[in-house]
Amino acid sequence: MEEDRTESASCSSAAAEDNSPEVTVFTAKRFSIVHTIVAVAIWLGSIHLNAIIVLCAFIFLPFSRAIWVCWLLLMLMAIPIDDKDKFGRKLARYICKHACGYFPMTLHVEDYKAFDPNRSYVFGYEPHSVLPIGVVALADLTGFMPFTKVKVLASSAVFYTPLLRHIWTWLGLTPATRKNFVSLLASGYSCIIVPGGVQETFLMEHGSEMVFLNNRKGFVRVAMDMGMPLVPVFCFGQSQVYKWWKPGGELYLRFSRAIKFTPIFFWGLFGSPLPYQHPMHVVVGRPIEVKKNLQPTADEVSEVHRQFVEALKDLFERHKARVGHKDLQLKIL
């Protein structure tokens, strides 16, 4: 993994201000623009590819053949995926190597030495934004963090989307169920979760960062059940890589909850799925040690949750000026 890291990023350390710990910084390297755009297009363009395939099928093919195309896509929704497939992991490695330099993406880790490669951690990542694409900085194939087993817990809707489900599974995403969460931690995986989820996307606003966290305690309870450290993570700049529009209202929220994702109109360069090249800074805080407690009381869960929320707030305030967002405000709901 060390070899991958030297190929895809440069590493440096800097002493933070106000008695904060030393921050280790990994800055993604820029490779060939062709490879970079291809990697980003495969990674994020697959979201729109299904609609393009269906549209083109009905425009350019006879109706009967267009129906067959739709059936093929439906089959791709159900065919099991091997997350360790050699071709898939090779493609995922290609995406991780080249896509981070597109924005570019920089990872800032407080107290890097506090992370033990032989332990599992629960990373609470914020914000969700249109897509929480900054999580790729924490992926095992990216090689910035000292872990070889990392999974990202994502909405189950992702895994019913043809083509997208294949690519994102190979990148390390898995359905965000409690059963999956517990099983992965028990198997030695570190897990990344975006606590705000669908609700956070529904509430997000232009010009500020919105985090829906005050009533999201399930991930804290799992960390307590397993005795795994909690790690606050915030991504600056992620909310600027896409422009977006969404409807509002209670009906829209209920529909979003029912289908487990928030339908939203978003676009990047020239109206395409390619995001704008806006620098992203993913900041990782120090681990919060959590004692194993198989039957925590509501008050005990609330106390650990409070510690996490305060750590996330402090992380945001400590780094926002340093990464170029000194006037940005964080709203926690």
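**Helix packing and confidence**

Modeller: In this predicted model, Phe219, Val220, Arg221 and Met224 of α8 meet Glu300, Val301, Val304, His305 and Phe308 of α10, contact being heavy atoms within 4.5 Å and helices being DSSP runs (H or I, at least four residues) numbered from the N terminus. Residues are numbered from 1 along each chain as its sequence is written. Local features need pLDDT of at least 70, side-chain atom pairs count only at pLDDT 80 or more, totals for chains, interfaces and linings use all residues, and side-chain values use heavy atoms without hydrogens or water.

Colleague: At what angle do α8 and α10 pack, and how far apart are their axes?

Modeller: Two packed helices are described by the angle between their axes and the distance between them. Here α8 (residues 218–226) and α10 (residues 298–319) pack at about 110°, with axes 9 Å apart, the axes being lines fitted to C-alpha atoms over the stretch in contact and the angles running from 0 to 180 degrees between N-to-C directions. That makes α8 roughly perpendicular to α10, a class covering 65 to 115 degrees.

Colleague: Which residue classes make up the contact of α8 with α10?

Modeller: This contact has six nonpolar, one polar and two charged residues, where Ala, Val, Leu, Ile, Met, Phe, Trp, Tyr, Cys and Pro count as nonpolar, Asp, Glu, Lys and Arg as charged, and the others, Gly among them, as polar.

Colleague: Over which residues does pLDDT stay under 50?

Modeller: Where pLDDT (the predictor's confidence in each residue, from 0 to 100) is low, the predicted coordinates should not be read in detail. The chain's mean is 90, with 94% of residues at 70 or more, but pLDDT stays under 50 over residues 1–6, for which the model has 14 contacts beyond four places in sequence.

Definitions and conventions: Helix = DSSP H or I, 4+ residues; strand = E, 2+ residues; numbered from the N terminus. Parallel < 35°, antiparallel > 145°, perpendicular 65-115°, else oblique.
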